[in-house]
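This briefing walks through one protein chain, topic by topic. Please keep the sequence and the 3D view open while reading.

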Amino acid sequence: IKLHLLMNNIDVFLNVRTDSYILGLENPKNETLKRIKLYENAGADGIFVPCITNTKEIEEIVESNTVPINIMAMPELESFDKLQFAGVKRISMGPFVYTNLKEKLKDNLEAGIKTIKEEQSFKSLFV
């Protein structure tokens, strides 16, 4: 595929996902390292490792390969500056921002609709 893209002068960044952590495998770090080598040899430009949270393991994975490592937002992750220091190049927000905002807006939406019904007016939308 990459050869076809190169021949047609199409610049694509292939960010390949490895799901060792998200699947809860017995030794996700070792499995991830194996998969990364396969992906690198196949021409991947980056690796996405969702659900990894251990900074030491992130550092080991970053140091063991030549392509950028991307991770996914998780509550246990260190701060952005510590992750950057560990070598992380990108952090995906996944669906978490959308899901969080949707839940917060749901309560406000229900209250807003209730107000409109009670007041029999749309004035509350413009306050």
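The mean positions of the 16 positive and 18 negative charges of the protein chain lie 4 Å apart. Lys and Arg count as positive here, Asp and Glu as negative, and His and the chain ends are not counted. Each charge is placed at NZ of Lys, CZ of Arg, CG of Asp or CD of Glu.

This is a predicted model, in which local features need pLDDT of at least 70, side-chain atom pairs count only at pLDDT 80 or more, and totals for chains, interfaces and linings use all residues. Residues are numbered from 1 along each chain as its sequence is written, and side-chain values use heavy atoms, with hydrogens and water left out.

**Fold and overall shape**

- The protein chain has five helices and four strands. Helices (H or I, at least four residues) and strands (E, at least two) are DSSP runs, numbered from the N terminus.
- Along the sequence the pattern reads α-β-α-β-α-β-α-β-α. The radius of gyration is 21 Å, well over the 14 Å that the globule rule gives for 127 residues, so the protein chain is more spread out than a compact globule. That radius is taken over C-alpha atoms, and the rule is 2.2 Å times the number of residues to the power 0.38.
- Along the principal axes, the C-alpha atoms fill a box of roughly 65 × 40 × 25 Å.

**Surface and contacts**

- Of the 127 residues in the protein chain, 27% are buried. Buried means under 20% relative accessible area, exposed means over 50%, and partly exposed lies in between (1.4 Å probe, protein chains only).
- The accessible surface comes to about 9,300 Å², and carbon and sulfur atoms hold 58% of that. Areas come from the Shrake-Rupley method with a 1.4 Å probe; for residues, only the protein chains shown count as cover.
- Among contacts with a separation of 6 or more, 46% join residues 24 or more positions apart. A contact means heavy atoms within 4.5 Å.

**Helix 5 and the segment after it**

- Helix 5 covers residues 96-119. Its 24 residues should span 34 Å at 1.5 Å a residue, and its end C-alpha atoms are 35 Å apart, which agrees. The expected span is 1.5 Å times one less than the number of residues.
- Glu110 lies in helix 5. Glu110 is partly exposed, at 47% relative accessibility.
- Glu110 and Ala86 are 24 residues apart along the chain, and their C-alpha atoms are separated by 43 Å.
- Just after helix 5, Gln120 takes a positive phi of about 55 degrees. Gln120 is exposed, with a relative accessible area of 67%.

**The loop between strand 2 and helix 3**

- Phi of Cys51 is near 75 degrees, a positive value in a residue other than glycine. Most residues other than glycine have a negative phi.
- Pro50 lies in the loop between strand 2 and helix 3. Pro50 is buried, at 0% relative accessibility.
- Pro50 touches Arg17, Thr18, Asp19, Tyr21, Ile22 and Met72, leaving aside neighbours within four places in sequence.
- Pro50 and Ser20 are 30 residues apart in sequence and 8.3 Å apart in space, C-alpha to C-alpha.

- Thr32 sits in helix 2 (residues 28-42) and is buried at 0% relative accessibility. Beyond neighbours within four places in sequence, Thr32 contacts Thr18, Ser20, Tyr21, Val49 and Ile61.
- Asn70 belongs to strand 3 (residues 69-72) and is buried, with a relative accessible area of 4%. With neighbours within four places set aside, Asn70 contacts Asn15, Gly46, Ile47, Phe48, Val49, Lys89 and Arg90.

- Leu25 is found in the loop between strand 1 (15-17) and helix 2. Leu25 is partly exposed, at 33% relative accessibility.
- Neighbours within four places aside, Leu25 is in contact with Ser20, Glu31 and Arg35.
- Leu25 and Ile91 are 66 residues apart along the chain, and their C-alpha atoms are separated by 22 Å.
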